[in-house]
Amino acid sequence: MTITAASCIANGRLTVRSKVVLTAVPENIVILPASCNSAFLGATSKTPSSRHVFSLGVLGGYRFLCLFRVKIWWMIPRVGKSGCEIPMETQMLLLEITEDSAVHDQISPDQTSTSSNTFYILLLPVLDGQFRTSLQGTSANELQFCVESGDANIQTSQVFEAVFMNSGYNPFELIKNSVKILEKHKGTFCHIDNKKIPMHLDWFGWCTWDAFYAEVNPHGIEEGLQRFSEGGCSPKFLIIDDGWQDTVNEFRKGGKPPIEGIQFASRLVDIKENSKFRSSGSEGTCTNLREFIGTIKKKYGLKFVYMWHALAGYWGGILPSSEAMKKYKPKLVYPIQSPGNVGNQRDIVTDSLENYGVGVIDPSKISDFYNDLHSYLASCSVDGVKVDVQNLIETLGSGYGGRVTLTRQYQGALEQSVARNFRDNNLICCMSHNSDSIYSSKKSAVARASEDFMPREPTLQTLHIATVAFNSLLLGEIVVPDWDMFHSKHDTAELHGAARALGGCAVYVSDKPGNHDFNILKKLVLPDGSILRAKHAGRPTRDCLFVDPVMDGKSLLKMWNLNKLSGVIGVFNCQGAGNWPMKLAAEETTPAASTPSPLSSHVRPSDVEFLEEVAGEDWNGDCAVYAFNSGSLSVLPKNGSIEVSLGPLECEIYTVSPIREYGQNILFAPIGLLDMYNSGGAIEAVSCRMDASECQMNVKARGCGRFGVYSKTKPKYCMVDSKEDDFTYNAVNGLLTVKLQGECNLREIEIIY
């Protein structure tokens, strides 16, 4: 028998906190302690191999949430109740253990949680040396783990730290603590708390991709920036996406119809910009990239300009025959996809490159390549880079020491070059959802959390929102999840905008020039171009972790986050508009899911995790809850609730502000800017000064527009920036409103009783 403080394997059973989790555990499975409540699971084999699949035993009887790679690039969530529902390429598995949920239960009452008798078990397949791990289920409800190196010459017969296992009573604390334990133990990556956060996240942005795709050019960019300016909502950061680089496609034949996927065989010829950005053509937009960026920064007040490139240089790597590229010793390599890459949904990019090959930079020269590219871009006043197509590297590891080794070489070189050439860790990672990258991320602080926003695909909009929310459970502990761009003028613009407002992420769009909805944008962006970004990654509320908010026909998606002094909850009706990949609609969907009837749920202040951390010592336990769309204000005890009912593609955002009690009569809670989705993001500080004659509440806030607070009693007067100002007071619900005029500076609001 092998024992840790909280888990053990005995008599073919894996037990955690006295609950039997797995039965029929094979004798070759080993468990080693990692900390007081956590452990590593591993296995031994009689035969060395570059790829092993080991059974951990039979899993059943527990609700689970897993995050798995549906394609080589991207994770999505799935919920279920048995091992057979766990897909290949699962990279996080969270089990809910309740008093009556387990099979083969052996537990005494004093060993359960005194609050709810519910705890959670987290399984994270991680990196073990040169091997990478993933989880998968079988039709017999077995839970398996797969370890692979990606190089036939890199073999092993044993792995002892393949799957990390931990348990706890708060699922969010459990995931955070687990990632921090792994950070310290493995030393190959860093928790988001220990990374430098890029400043572009706090400013409104524009990405050129959906506006122009690869046809991006200086004239179109200038036109777009001008139209934003005319609408009074100017971006402060710009991503010039794919289409600016000097590339060639050797496989395109003139006069012949294009072959699907052939575009991904294009390769990089030079690190400098293509002719669109360096010609002094008839329009005379610019003579080179440096001049162009300098011009638009000065003219449109841009603070940050990022340029796109792929981790391998371009989709198909770099051109081996290019004179400018030869110093990087490129070699044509044909990707080798693992069974996991092709076991779920195949992807046209990797399938195409299997035929055309990739011009791979020699690992010994990858640092030189990134440094040359980034130093050139920095000389052109570029501030950072968005680096795409990252998971391609896992298919190129054969002959280079395997997928983990090659990924670390590339990622380490990338991070070092960004640190050397750009300020403030200005890097956005993309298409990087493999654990090779996740657990090799030492400095990268921002990464895309879902597949692209696809404006022409109506069935993918709700999947996008739900995917990011669930993926943020894991990714949000390692990076700031990037929600991708969206269109402000779109059928689902409000849904996307509201989600990003509480996602704790960058807010940027990809509108075509002149095709904007400034009413949506001005709920997200202040007049100075800044945004009200929440503190953490927006994640599903605890009661949504094990339900399907896209296909079960009954569940609304609720997300929570914190601001400096309040919480925020977003509620979204994502049902009936799309189906998860690899999941039949008939599996869980009731007939109601296909009808456009409203769905209902309840919102509670307790849905906001860790609210007490921002509430302060004067909190009386109650909260003021302000609904953005309806404008209603309610006072609720922490465990109280209000009902919300939403039609298809509708949403509501609730600011949850702890009510602070001062003296005997003053009950006070700041709400924030009432016309911004994340109202509470405007609040910077609250203090109170009392003497024998009066009580003065001081609120520091930023922005302009209608500013609201909850006050149980009507004050004598209000002052804004030391000048008495008019206010309105609703004696029925206690909403006090003042109008903040002028600039978006930090404002001093005094409310005197």
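The legends below describe close-up views of a predicted model. Local features require pLDDT of at least 70 and side-chain atom pairs pLDDT 80 or more, whereas totals for chains, interfaces and linings use all residues. Residues are numbered from 1 along each chain as its sequence is written, and side-chain values use heavy atoms, with hydrogens and water left out.

**View A. The lining of the largest cavity.** Of its 15 lining residues, Ser432, Ile438, Ser441, Ala447 and Val479 lie nearest the centre (on a 1 Å grid over the protein atoms alone, a cavity is a set of points where a 1.4 Å probe fits but cannot get out, and lining residues have an atom within 4 Å of a point). Helix H9 (435-438) and strand S24 (446-448) are the elements that give two or more residues to this lining (DSSP runs, H or I of at least four residues for helices and E of at least two for strands, numbered from the N terminus), and S24 gives the most, with three.

**View B. The aromatic pair of Phe40 and Phe164.** The two rings are edge-to-face, 5.5 Å centre to centre with 65 degrees between the planes (rings of Phe, Tyr and Trp, the last by its six-membered ring, pair if their centres lie within 6.5 Å; planes under 30 degrees apart count as stacked, over 60 as edge-to-face and the rest as tilted). Phe40 in strand S6 (residues 39-49) and Phe164 in strand S14 (residues 156-168) are 124 residues apart.

**View C. An aromatic cluster.** Phe204, Trp206, Phe212 and Phe228 together form one cluster, and the structure as a whole holds 22 aromatic pairs.

Key
On a 1 Å grid over the protein atoms alone, a cavity is a set of points where a 1.4 Å probe fits but cannot get out, and a pocket is an open set with protein on both sides within 12 Å along at least five of seven lines; lining residues have an atom within 4 Å of a point.
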